[in-house]
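User: I would like to learn how to read helices and their surroundings in a model like this one. Could you take me through some features in turn, with the general idea before each case?

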Amino acid sequence: MKVDTHQHFWNLSEVAYPWLIPAYGPIYGTFEPKQLAPQVKAAGIDKTVVVQSANSYEDTASMLVHADYNDWIGAVVGWVDLLNPDATNERLEQYKKHPKFRGMRHLIHEEKNPDWVIQDVVIESLKVLASHDMIFEVVAVFPNHLKHVPTISAKVPNLKMAIDHLAKPPIKDKGMSPWSDQMKAAAENPNVYAKVSGLNTAAAADWSGSDLKPYIDFAVEAFNPNRLMFGSDWPVCIL
């Protein structure tokens, strides 16, 4: 089975996406399953994972509806309020009744506090997430968030985590350390996985495969292929 583990949908007339502004050009618009379906078929992809695009329950509800009507959507990664452990538990009790709901993420890179994800209250909510056997996707944008993954692992060792986009390595600057050191530390917990996705937006505009290869090679070495996933990051990838 071939799975695209990271793609998005958004309808600007139905759900608010505060980060998505006209400056983003070609992705500032509505993107729905009818646009992606023929591309999924042409690429020989069997299933996709549709991933959260806003810190809102409305975005999650929209994704679950799309999953109901499109068999090729295999899983949904939604959102819960990590600043409220009780609400986290209540929502997860509700969401896990849906057969395609698998976990959640929060746009931590949009938070002004770079240490947002290791607040005590967030850690308590992540413990709730782990108790429901749900995945936490880490929107780690280097250099601010990747270093926190070992801290979360220490506090919630049974939490399954997936690092999105290899934490956006410094491809444009052709740098490796300390990104490589932090990735290696993150990989020490066997419950931590990573997505080979979204690398084009961390590279220069005229990037080629040779620019991405050192970072992918390093990820393969740190995690081994069994803990890595491919993701297209559609529609962001069209940038």
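User: At what angle do helix 2 and helix 3 pack, and how far apart are their axes?

Analyst: Two packed helices are described by the angle between their axes and the distance between the axes. In this predicted model, helix 2 (57-69) and helix 3 (residues 85-95) pack at an angle of about 10 degrees, with their axes 13 Å apart. Axes here are lines fitted to C-alpha atoms, for helices over the stretch in contact, and angles run from 0 to 180 degrees between N-to-C directions. Helix 2 and helix 3 are therefore roughly parallel to each other, a term for angles under 35 degrees. Helices and strands are DSSP runs (helices H or I, at least four residues; strands E, at least two), numbered from the N terminus.

User: Which residues make the contact between helix 2 and helix 3?

Analyst: Contact means heavy atoms within 4.5 Å. Helix 2 contributes Tyr57, Thr60 and Leu64, while helix 3 contributes Ala87, Arg91 and Tyr95.

User: Which residues of helix 1 are buried, and which are exposed?

Analyst: An α-helix has 3.6 residues a turn, so residues three or four places apart point the same way. In helix 1 (residues 33-42), the buried residues include Pro33, Leu36 and Val40, where buried means under 20% relative accessible area, exposed over 50% and partly exposed in between, with a 1.4 Å probe and protein chains only. Those three cover an arc of only 70 degrees around the axis, which puts them on the same side of helix 1; the arc is that of the directions from the helix axis to the C-beta atoms. On the other side, Lys34, Lys41 and Ala42 are exposed. The cover over the buried residues of helix 1 includes strand 1 (3-7), strand 2 (47-51) and helix 2.

User: Is Asn70 buried or exposed, and what does Asn70 touch?

Analyst: Asn70 lies in the loop between helix 2 and strand 3, and at 16% relative accessibility Asn70 counts as buried. Leaving aside residues up to four places away in sequence, Asn70 touches Pro33 and Lys100.

Notes
Residues numbered from 1 in each chain as written. Predicted model: local features only at pLDDT ≥ 70, side-chain atom pairs only at ≥ 80, totals over all residues. Heavy atoms only, no water. Parallel < 35°, antiparallel > 145°, perpendicular 65-115°, else oblique.
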